[in-house]
Amino acid sequence: MNFELDAQQRDFAGSIDAALAAADVPGAVRAWANGDTAPGRKVWAQLADLGVTALLVPERFDGLDAHPVDLVVALERLGHWCVPGPITESIAVAPVLLADDERCAALAGGELIVTVALPPQVPRAVDADAAGLVLIAESGGVSEAQASEQHESVDPSRRLFDVTATGAAWDADVARAYEFGALATAAQLVGAGQALLDAAVDYAKQRAQFGRVIGSYQAIKHKLADVRISVELARPLVYGAALSLAAESPDTARDVSAAKAAAADAALLAARSALQTHGAIGFTAEHDLSLWLLRVQALRPAWGEPAVHRRRVLEALT
């Protein structure tokens with residue numbers, strides 16, 4: 001069997017990379033953190049033009065009704081470039097919760113950005129002040145919601161809000177929406193981990209210590225090799241979970257949780273190694289590395305702490 005991405009999926013990833021490489025994403029992240037969402041919305045508009053925001057939207061609402069693997073392809077690239085906004089919530093979760101709602105058309109076209117709270121694992125909605133629609137999903141139903149108290153996140157570009165239901169609930173597959181949320185977050189963590197690894201490798205080739213570039217030291221080589229192995233082992237788990245979701249496998253919860261836990265661990269290892277490789281400059285807010293370091297710290301507990309997902313895997317195996 002061939003588990004490689006096909007040519008169309010590779011081209012899709014390449015198109016996303018080309019668009020985001022041409023955009024000032026770090027600048028958009030910093031602006032988003034300061035309350036100016038305009039640069040970030042321009043990035044989202046580019047993603048909409050590529051079909052990213054329409055991936056899981058049904059075809060009857062001008063969506064692509066794409067395979068979950070295509071979602072993972074896209075969100076890994078978005079994690080790699082540290083795109084701001086409620087990516088998991090709007091691109092992966094909202095289409096499931098709004099499956100029969102005409103607002104999916106605006107979601108597909110990128111005109112509507114949605115954020116979601118899904119207690120107890122997702123008690124607050126991220127970027128509710130920037131979203132055009134806030135949802136709260138619980139007990140098998142979904143309601144529109146209103147944001148109230150704001151809470152600071154470790155990542156300044158991810159503001160968290162308490163939300164309260166404001167209308168009647170409608171039926172939706174909340175359990176499946178949660179699995180998509182955890183999978184989408186895992187994909188972003190893999191992308192962020194790869195970006196941090198790439199940054200560390202590039203910097204190790206430039207930074208000199210004791211008259212030699214640090215990348216020539218065996219200890220650094222081994223550390224970065226460990227990160228590469230960790231990221232490469234997490235990636236197939238994420239794609240495997242996407243296949244489970246597509247097939248509605250009874251093992252979906254196990255597979256998604258295994259992917260989320262592995263991706264969280266890999267991204268954390270990549271973050272620590274990148275910070276150690278960069279040294280003191282890595283601690284500065286002015287260096288772009290800080291954006292990825294903070295994003296990883298914020299995404300690790302998002303859509304379920306690693307301990308929660310390990311527990312689900314253990315329960316599935318016993």
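**Close-up views of a predicted model**

**View 1. Contacts of V52.** Beyond its neighbours within four places in sequence, V52 is in contact with F12, I16, L47, A74, L78 and I91. The model shown here and in the other views is predicted.

**View 2. The largest nonpolar core and a second one.** The largest nonpolar core has 93 residues. V52, L78, L97 and L196 touch the most other members. Helix α7, residues 174-204, gives the most to this core, with 17 residues. A second core is separate and has eight residues, among them V134, A145, F161 and V163.

**View 3. A177 in helix α7.** A177 is found in helix α7. A177 is buried, with a relative accessible area of 0%. Leaving out neighbours within four places in sequence, its contacts are V93, V96, L97 and W303. P156 lies 21 residues from A177 in sequence. In space the two are 26 Å apart, C-alpha to C-alpha.

View 4. Strand β1 spans residues 114-117, and both of its faces are covered. V114 and V116 are buried on one side. T115 and A117 are buried on the other. In a regular strand, side chains alternate between the two faces of the sheet. β1 pairs with strand β3, residues 133-138, in the parallel sense over four bridges. V116 stands opposite L135 in β3.

View 5. Over residues 9-86 the chain is 64% helix and 0% strand. The end C-alpha atoms are 23 Å apart.

Note on methods. Residues are numbered from 1 along each chain as its sequence is written. This is a predicted model: local features need pLDDT of at least 70, side-chain atom pairs count only at pLDDT 80 or more; totals for chains, interfaces and linings use all residues. Side-chain values use heavy atoms; hydrogens and water are left out. A nonpolar core is a set of buried Ala, Val, Leu, Ile, Met, Phe, Trp, Tyr and Cys residues joined through side-chain atoms within 4.5 Å. Buried means under 20% relative accessible area, exposed over 50%, partly exposed in between (1.4 Å probe, protein chains only). Helices (H or I, at least four residues) and strands (E, at least two) are DSSP runs, numbered from the N terminus. Contact means heavy atoms within 4.5 Å. Two strands pair if DSSP finds at least two bridges between them.
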